[in-house]
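Subject: The structure we talked about

Hello,

I am passing on the structure for you to look through, and below it I have written down what was found in it. Please keep the view open beside this message while you read.

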Amino acid sequence: MNLTIRVWRQKNRLDVGKFAEYKLADISEDSSFLEMLDILSEQLVADGHEPVAFDHDCREGICGMCSMTINGIPHGPEGGTTACQLHMRHFHDGQTITIEPWRAKPFPVIKDLVVDRTPLDKIIQSGGFITARAGSAVDANAMPIAKGIADYAMDAAACIGCGACVAACPNASAMLFTSAKVAHMNSLPQGKAEKDRRTLAMVTTMDGEGFGGCTNIGECEAACPKSIPLDMIAHLNRDYATAQFKNFFKPVA
C-alpha cells in the first residue's frame with residue numbers, strides 16, 4: 001500500500017507541536033501498525049531527520065505502552081485491539097492516516113506521541129496492593145474463591161493501564177481505569193481487609209491528579225482495548241459510597 005501519514009511532532013513539553021506529513025510506499029498489509037511506524041522512522045533517519053518517538057514494549061497487546069490516537073480513535077479502528085496488535089490490512093491503499101498522542105490534561109506530551117502517564121501510576125501506588133504476611137508461598141487452594149468472583153476479578157485485572165479510557169472521555173476521566181483496579185482488589189478475599197481504605201485513597205488520588213468526573217458517556221468502554229465494562233464504574237461508586245459512610249461514622253479515638 002501507498003500511504004500518507006500525518007503524525008504529531010513535538011520536541012518537548014514546552015514546544016507547541018504540529019502535524020507533519022510523510023509519504024510511505026509499498027507497505028505490506030501484513031505489517032503491524034508499529035512496524036509501519038518503524039519503517040517511517042527508518043526512512044526519516046535515512047533522510048537525516050529525527051525518527052518519530054512513540055511508546056512500545058511487548059508488542060503483544062498486554063503492556064499498554066502503545067498509546068496513540070489513530071484517525072481520532074484511541075488504539076485505532078479495531079475494537080478490543082491495542083495499537084501494536086492492529087495490522088495494516090485494516091487500512092487501504094492511498095489512505096491518509098492521522099496519528100496523535102493522548103489528548104488529556106493529566107497526560108502532558110513528552111515528545112511526539114509519547115505522553116507522561118505517571119498519574120495512573122500514582123493511583124495504583126495509593127491503593128493497588130494488599131498487606132499480606134511475607135514468608136513461604138501459600139497453597140493455591142488454601143483460600144477457596146467462588147468461580148463467579150474469580151472470573152469477575154480476572155475481567156477487572158485485564159485492564160492494562162494504557163489510558164485509552166482517559167483519552168476517549170470528553171471529561172478526561174480515569175474512572176474506568178480506577179474502577180477496574182479497585183474491583184479487581186476489592187472483590188477478592190485477600191483485598192477485603194483494606195477495601196475501604198483502598199477505595200478512598202485511589203479515588204482521592206485520581207481526583208487530585210486532575211482527571212475529570214464521569215458523566216456516563218460510555219466512550220471509555222468503547223475505546224478500551226480490553227473491553228472493560230462500565231459495570232466496573234458502578235462497582236466503584238458503590239464501594240466508594242460505602243467507604244465514605246463508614247469513614248463518616250468512624251469513632252474518634
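Two strands are said to pair if DSSP finds at least two bridges between them. By that rule β1 and β5 pair in the parallel sense, over 4 bridges, and one of the places to look is isoleucine 5, whose bridge partner in β5 is isoleucine 97. Please bear in mind throughout that this is a predicted model.

Is β1 enclosed or open? Of its 7 residues, 6 are buried, so β1 is largely enclosed by the rest of the structure.

Next come some residues in the loops. Aspartate 26, in the loop between β2 and α1, has a positive phi near 60°, and histidine 75, in the loop between β4 and β5, has a positive phi near 70°. Which of the two is buried, and which is exposed? Aspartate 26 counts as exposed because its relative accessibility is 71%, where exposed means over 50%. Histidine 75, by contrast, has a relative accessible area of 1% and is therefore buried, since buried means under 20%.

Methionine 68 sits in the loop between α1 and β3, and at 0% relative accessibility it counts as buried. Leaving aside neighbours within four places in sequence, the residues in contact with methionine 68 include Phe33, Leu34 and Leu37, as well as Pro74, His75 and Ile99. Methionine 68 and threonine 82 are 14 residues apart in sequence, and their C-alpha atoms are 9.4 Å apart in space.

The largest pocket has a volume of about 320 Å³, and of the 13 residues that line it, the closest to its centre are Ile130, Ala132, Val138, Met143 and Gln190. By class, that lining has 8 nonpolar, 3 polar and 2 charged residues. The second largest pocket has a volume of about 160 Å³, and its lining includes Cys63, Arg117, Asp121, Phe177 and Lys181. Two elements, α2 (118-127) and α5 (175-187), each give two or more residues to the lining of the second largest pocket. Which element gives the largest share of that lining? It is α2, with 4 residues. The classes in the lining of the second largest pocket are 6 nonpolar, 3 polar and 3 charged residues.

With best wishes

Terms used
Residues are numbered from 1 along each chain as its sequence is written. This is a predicted model: local features need pLDDT of at least 70, side-chain atom pairs count only at pLDDT 80 or more; totals for chains, interfaces and linings use all residues. Side-chain values use heavy atoms; hydrogens and water are left out. On a 1 Å grid over the protein atoms alone, a cavity is a set of points where a 1.4 Å probe fits but cannot get out, and a pocket is an open set with protein on both sides within 12 Å along at least five of seven lines; lining residues have an atom within 4 Å of a point. Grid points are joined across faces, edges and corners, and a volume is the space filled by probe spheres set on the points. Ala, Val, Leu, Ile, Met, Phe, Trp, Tyr, Cys and Pro count as nonpolar, Asp, Glu, Lys and Arg as charged, and the others, Gly among them, as polar. Buried means under 20% relative accessible area, exposed over 50%, partly exposed in between (1.4 Å probe, protein chains only). Contact means heavy atoms within 4.5 Å.
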